[in-house]
Amino acid sequence: MTQVPASDLTLPDGVRVVPGRDGLTAVQVDVASCFGELYLHGAHLTSWRPLGSEVLWMSGAAVFAPGRAIRGGVPICFPWFADGPDGTSTPAHGFVRTTEWGLVDATTDGRWVELHLALTDTEQTRALWPHSFAADYRVRMGEDELALLLTVTNTGDAPFTFEEALHTYFTVSDIRSVQVRGLEGSSYLDMVPGADRGPHVQQGPISFTAELDRTYQATGATAVIRDRDRSVTVARTGSSSAIVWNPWVDKSAAMADFGDDEWTGMVCVETANAKADAVTLAPGAAHTMTAHVSV
Ligand code: BG6
């Protein structure tokens, strides 16, 4: 598909392509129901503000630069999660979060705005992962819901297996008084360095008293972030893994693009297929994973 430059597309009222931070290109949505911002770099959503209230979390120390992942918002992890199935894949969380995507179009029905982005393999991606693929990403935002739909198609002539995540960072008032509910009874791997990896079974709601990094497996359960004055619901389809993460004190301090004190204000509840839930696609086959976020 020949990609029309984003600046040459005819976009609906309230959607515009703008110069983003540090020379990157962003698409802004500014309509009655919400404000949203997405960088073509990584197809990275950095804001969804229904009725003036921000739902996503962005680090004040985030770096906006080619080749670097943006800290916060919604990075897309593909075709592997973290360091991949055997722990040796680089860059961490795959290469599409640091690759420029194409804006295909934007549509609206008056209540919703949908941004449609696409990415296909190139010589550079095949050097990192030797497969032909098409990734199609739709970000639909409105007043009540943010829907993220990621479709991967195998455009090659051999099967491939991949991991993926919609790595949603959410803003919270204070992580120490937040609970994540809905994953009770699910099996998880404890990914905190040095911890007993498990598998463990989630007992009761998740609360946060130290670094927490859990990969829930074989579950499509809806998760609810219960914060002081609001609840954020993350419902999933085509996703069998959920990752819940807060870096707490030491890991925050160790990350250059994450403010030392910012860990109190965020939590990641991610929609994924990772580890044993990796997806295998035959040639010509497609798989769609969706996250539906509502407040
Ligand atoms: C989470 C992982 O999804 O992403 C954590 O579970 C990881 O282990 C975190 O630290 C952030 O990863 P990155 O590569 O963006 O620093």
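How far is an oxygen atom of the ligand from an N or O atom in the side chain of Asp213? The separation is 2.4 Å, and this value, like the others here, comes from a predicted model in which local features need pLDDT of at least 70, side-chain atom pairs count only at pLDDT 80 or more, and totals for chains, interfaces and linings use all residues. Residues are numbered from 1 along each chain as its sequence is written, and side-chain values use heavy atoms, with hydrogens and water left out.

**Around the ligand**

The residues near the ligand, meaning that one of their heavy atoms lies within 4 Å of it, include Arg71, Phe81, His167, Ile243, Trp245 and Glu270.

| Residue | Distance from its side chain to an oxygen atom of the ligand |
|---|---|
| His93 | 3.1 Å |
| Asp213 | 2.4 Å |
| Lys251 | 2.7 Å |

**Aromatic pairs**

A pair of aromatic rings is described by the distance of the centres and the angle of the planes. Rings of Phe, Tyr and Trp (for Trp, the six-membered ring) pair if their centres lie within 6.5 Å, and planes under 30 degrees apart count as stacked, those over 60 as edge-to-face and the rest as tilted. The whole structure holds 15 such pairs. In one of them, the centres of Trp57 and Phe258 are 5.1 Å apart with the planes at 35°, so the pair is tilted. Because Trp57 belongs to the loop between β4 (44-50) and β5 (76-77), and Phe258 to the loop between α2 (248-254) and β21 (266-273), the pair ties together parts that are 201 residues apart in sequence. Both Trp57 and Phe258 are buried, a word used for a relative accessible area under 20% (1.4 Å probe, protein chains only).

Tyr169 and Trp245 form an edge-to-face pair, with 6.1 Å from centre to centre and 80° between the planes. Tyr169 is in strand β12 and Trp245 in strand β20, 76 residues apart, where strands are DSSP runs (E) of at least two residues, numbered from the N terminus. Tyr169 is buried at 2% relative accessible area, and Trp245 is also buried, at 8%.

**The nonpolar core**

A nonpolar core is a set of buried Ala, Val, Leu, Ile, Met, Phe, Trp, Tyr and Cys residues joined through side-chain atoms within 4.5 Å. The largest has 73 residues, and among those touching the most other members are Trp101, Tyr137 and Phe170. Strand β8 (residues 133-141) contributes the most to this core, with five residues.

Terms used:
Helices (H or I, at least four residues) and strands (E, at least two) are DSSP runs, numbered from the N terminus. Buried means under 20% relative accessible area, exposed over 50%, partly exposed in between (1.4 Å probe, protein chains only). A polar contact is a pair of N or O atoms within 3.5 Å; within protein, one must be able to donate a hydrogen and the other to accept it, and residues adjacent in sequence count only if both atoms are side-chain atoms.
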